[in-house]
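Here are my notes for your review, as numbered points. Please read them with the model open.

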Amino acid sequence: MLCVRVPRSYLPERRYACGVLMGECLGLEFALVPEERTDVLITLPGHAGELHLADGLFATEPDRWLTPDSLPREPLTWWNLAEAAVEAGLAPANQAVRPARVGLPVRVVAPALPVIYGALLPSGRFCEVRPGTIRLGVDVLGSAFFMATRYEEAVLPERDAHGRFPARASLAARAGFLDRPVVNEYAEVLWWGLNTLWPGLRRKERKGRFLLSHDVDNPLCTAGRSLLGVGRSAAGDLLRRADPALAVRRIVSYARTRRTPDADLCNNFDWIMAESEARGITSAFNFLTVTGPADAAYRLQDPFIRRLMGEIARRGHEVGLHTSYHSYADPEQIGREFQDLLAAAEAEGIHQPACGGRQHYLRWANPVTWQGWEAAGLQYDSTVGYADQPGFRTGLCHEHPVFDLESRRTLRLRERPLVVMEVTLFEYLGLPPAAALERIVELRRRCGLFDGDFTLLWHNCCLIQDWERNLYRTVLDACT
């Protein structure tokens, strides 16, 4: 078991950061030992060797904690790992640098690594290697804590029209590393140091996952709607989407759903499940439990919805919760909605070992939304991704425990960070299909570098045009 000697301040926060990097990412056991010191020292009892880490964020004075004064100084410094290897004498100066494996044998997306917290060592380097001792000027623990807890979102006031912290306000977007799972990269740097000192250490093997989910905002497009409303949508098919065939299908759907909602244009759940099953994927379908202008046009009691929930469970897929638009800052409301979902599931004989889901519109506030999901008894949340940009909002491509910045404790709730939502690519960024596919495949590849989880959200109502279905199939083939 590794011994991690740390300054006496911010012990719950330090324990969480060690847990994410050492426990979650590397699968290593550790013991935290607080003592009088100004850096972090890692040793392996019974073995020679010392790994020293810089202490940056957790050296913050208490009266500056969670204030703008504690945020990283910009512009960030970038640490070139290839040059670091040459400086440390671990690689010849003429060694070719490959994109995924650079001079230091560290798995990273690109050789230059952003230093969120940390400083150059007295030698003018970020890394010094001496016999039996390695020193890193990068505060990998504080930087990982900053990203995984979404520290800056508890400090900065910027919000969009839906009350969401926008990607453009984040350090990762401003500095240009939102498309990198930077915390996983910090874990790899830490592993390099540990494994160099103690080659006998063994990290856990991970198996990457493809986590596919579908928020059920509009299970039906024409059933229950007025002819005028359907007519307006058909006009949009002609004028905005330039798809006359879809306009015809929409009108036909309206006529047929007078007899049964099963004939609805958006009732493509059987197709979605079949596509997943053909590739060995388990899909999660998240249901709203609140009806209203900003929420669902359906009720959990509707026979169509009940049959759908039952069919999803019968075929081995997951029924999840899609908490309502206004619930993100209301823990009691989150609890009520989860109980409503459980009651509906119970009535259909649905019993799942775990249940999670996502907030409607990706509305999320730090830390009250996580507090609400924890109190409700949900096992995981998959809200934390940006609506306006794909990428790694928590810096991780692994499911990880969450930390409550207010109560200063690690919660039972786990976060499955959302990497890509299709609406982000097509509506917010306006990407054509080929560019969207390229973006998805690259983010999937970056998750794969770290045996991580690639989390994709694709709404059923965005799978009604031929090109949408064709692209979706291509994406599934590329991601599995």
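1. Helix H14 (residues 466-479) lies across S9 and strand S17 (453-457). Its direction runs at about 150 degrees to S9. Axes are lines fitted to C-alpha atoms, for helices over the stretch in contact, and angles run from 0 to 180 degrees between N-to-C directions. Helices (H or I, at least four residues) and strands (E, at least two) are DSSP runs, numbered from the N terminus.

2. On provenance: this is a predicted model, where local features need pLDDT of at least 70, side-chain atom pairs count only at pLDDT 80 or more, and totals for chains, interfaces and linings use all residues. Residues are numbered from 1 along each chain as its sequence is written, and side-chain values use heavy atoms, leaving out hydrogens and water.

3. The sheet is open and has nine strands, in the order S14-S15-S13-S12-S11-S10-S9-S17-S16. Its pairing is mixed. Two strands pair if DSSP finds at least two bridges between them. The edges are strand S14 (400-404) and strand S16 (420-421), each pairing on one side only. Helix H1 (residues 11-26) packs on the sheet and touches S14 and strand S15 (409-415). The direction of H1 makes about 170 degrees with that of S14. Contact means heavy atoms within 4.5 Å.

4. How do S14 and S15 run, parallel or antiparallel? They run antiparallel, joined by four bridges. Phe-403 has Thr-410 in S15 as its bridge partner. The two strands form a hairpin with four residues between them. Arg-408, in the turn, has a positive phi of about 60 degrees.

5. S13 pairs in the parallel sense with S15, over two bridges. Tyr-380 is bridged to Arg-414 in S15. Strand S12 (residues 356-359) also runs parallel to strand S13 (residues 380-381), again with two bridges. There, Gly-357 has Asp-381 as its partner.

6. Thr-222 sits in the loop between strand S9 (209-216) and helix H6 (227-239). Thr-222 counts as buried because its relative accessibility is 1%. Buried means under 20% relative accessible area, exposed over 50%, partly exposed in between (1.4 Å probe, protein chains only). Leaving out residues up to four places away in sequence, its contacts include Val-230, Arg-250, Tyr-254 and Asp-264. A polar contact of 2.7 Å joins the side chains of Thr-222 and Ser-253. Such a contact is a pair of N or O atoms within 3.5 Å; within protein, one must be able to donate a hydrogen and the other to accept it, and residues adjacent in sequence count only if both atoms are side-chain atoms.
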